[in-house]
Amino acid sequence: MRSSDSLIVISGATGWVGRNILEILQKKIPNKDFNANVKCLASKKQFINSTGYVNNSQIEIPIEDFKSFPEICKNVRKLFLIHTAFLTPHHLNLINYNDYCLKNIAITKTIREGILICKDSRVVLVSSGIAREFDESYKEEVTYNDVLKNPYGYLKKKEEIEISKITNTLILRIFSLSGKFIREPSIYAFPNFILKALRKEKIEFHDNRLVYRSYGHAKNIAQLACQWLLTKQKKFISPLNTVSETIDLFSLARVISQQFDLPIVKLNRDSQYNDSSYTSNNTDFLNALKEYRIPASSLKDQIIETAIYLEKNYIK
């Protein structure tokens, strides 16, 4: 598929988006050529099984240490990179603030070093909708207090700027995700509701306000990333907010309950609480999918795929 001096690299290859990207690439690259064309990076070396080939064509995919990225790039002239690696906000519950920031800064530095080694590169940077909080106020030099409330958003914005300065970059901002290969489903509303439904448990909704979320299907995001990276580029707004469906969590709980024949959820709304919203318009993302003739997954499709994966991997 590629010349000897070009390479496809996926960082964060074992994560939620990374695994979907690998599966899409397996549908484009024959199994005998996959490991020669694609280099996968994560926080530790390991092997994972392919998921995009039929049973008798499955392969083992080696995962290399993320820190080896600059060394890998020394033998690459044309780099095709999809960068998804980053410590998400829940890691702030596991490590202290300073270590969290330093680790993410080190991730960006490693990616930047590798890109600069290559003579030619094209990059899809998977970012976060929360980075938009710094679209107007971003500064290269900030104090500790400037980012204390939102270190993830600031560091993602910082990475967007640093990478897009040095190479041709499509920034895909994720708000909320659905789809297979999810990790830690209990901490996210969408998969957590589905887990309860699969266990035939009533979905409880304890919030006294409406909480709106915008979802993108991980499969659609991966499809768009691969199409843009490997085919004739189309010009999109960048950053591109990867949103296909917006819904409040109470309504989402009701939809899932109805789909699984569970009791309908009730909302005890209190007018003294303001509704919460982490959303974006879906027009640009849906148009981008349409440009590449990628079918946009409906909310029902997203629920079904997520449920199939959760039942197989989390329900005993």
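Helix 11 gives the most to the lining of the second largest pocket, contributing 5 residues. The model described here is predicted. The pocket has a volume of about 270 Å³. Two elements each give two or more residues to its lining: helix 1 (16-26) and helix 11 (299-314).

The lining residues come from several parts of the sequence. Arg19 and Glu23 belong to the lining, as do Ser50, Thr51 and Gln58. Lys180 and Phe181 also line the second largest pocket. By class, the lining holds 5 charged, 4 polar and 3 nonpolar residues.

Along its principal axes, the C-alpha trace spans about 60 × 55 × 40 Å.

Burial and contacts were computed for the whole chain. Of its 316 residues, 51% count as buried, meaning under 20% relative accessible area. Contacts between residues at least 6 apart in sequence were also examined. Of these, 79% join residues at least 24 apart. The accessible surface of the chain comes to about 16,000 Å². Carbon and sulfur atoms account for 47% of that surface.

How values were computed: Residues are numbered from 1 along each chain as its sequence is written. This is a predicted model: local features need pLDDT of at least 70, side-chain atom pairs count only at pLDDT 80 or more; totals for chains, interfaces and linings use all residues. Side-chain values use heavy atoms; hydrogens and water are left out. On a 1 Å grid over the protein atoms alone, a cavity is a set of points where a 1.4 Å probe fits but cannot get out, and a pocket is an open set with protein on both sides within 12 Å along at least five of seven lines; lining residues have an atom within 4 Å of a point. Grid points are joined across faces, edges and corners, and a volume is the space filled by probe spheres set on the points. Helices (H or I, at least four residues) and strands (E, at least two) are DSSP runs, numbered from the N terminus. Ala, Val, Leu, Ile, Met, Phe, Trp, Tyr, Cys and Pro count as nonpolar, Asp, Glu, Lys and Arg as charged, and the others, Gly among them, as polar. Buried means under 20% relative accessible area, exposed over 50%, partly exposed in between (1.4 Å probe, protein chains only). Contact means heavy atoms within 4.5 Å. Accessible areas come from the Shrake-Rupley method with a 1.4 Å probe; for residues, only the protein chains shown count as cover.
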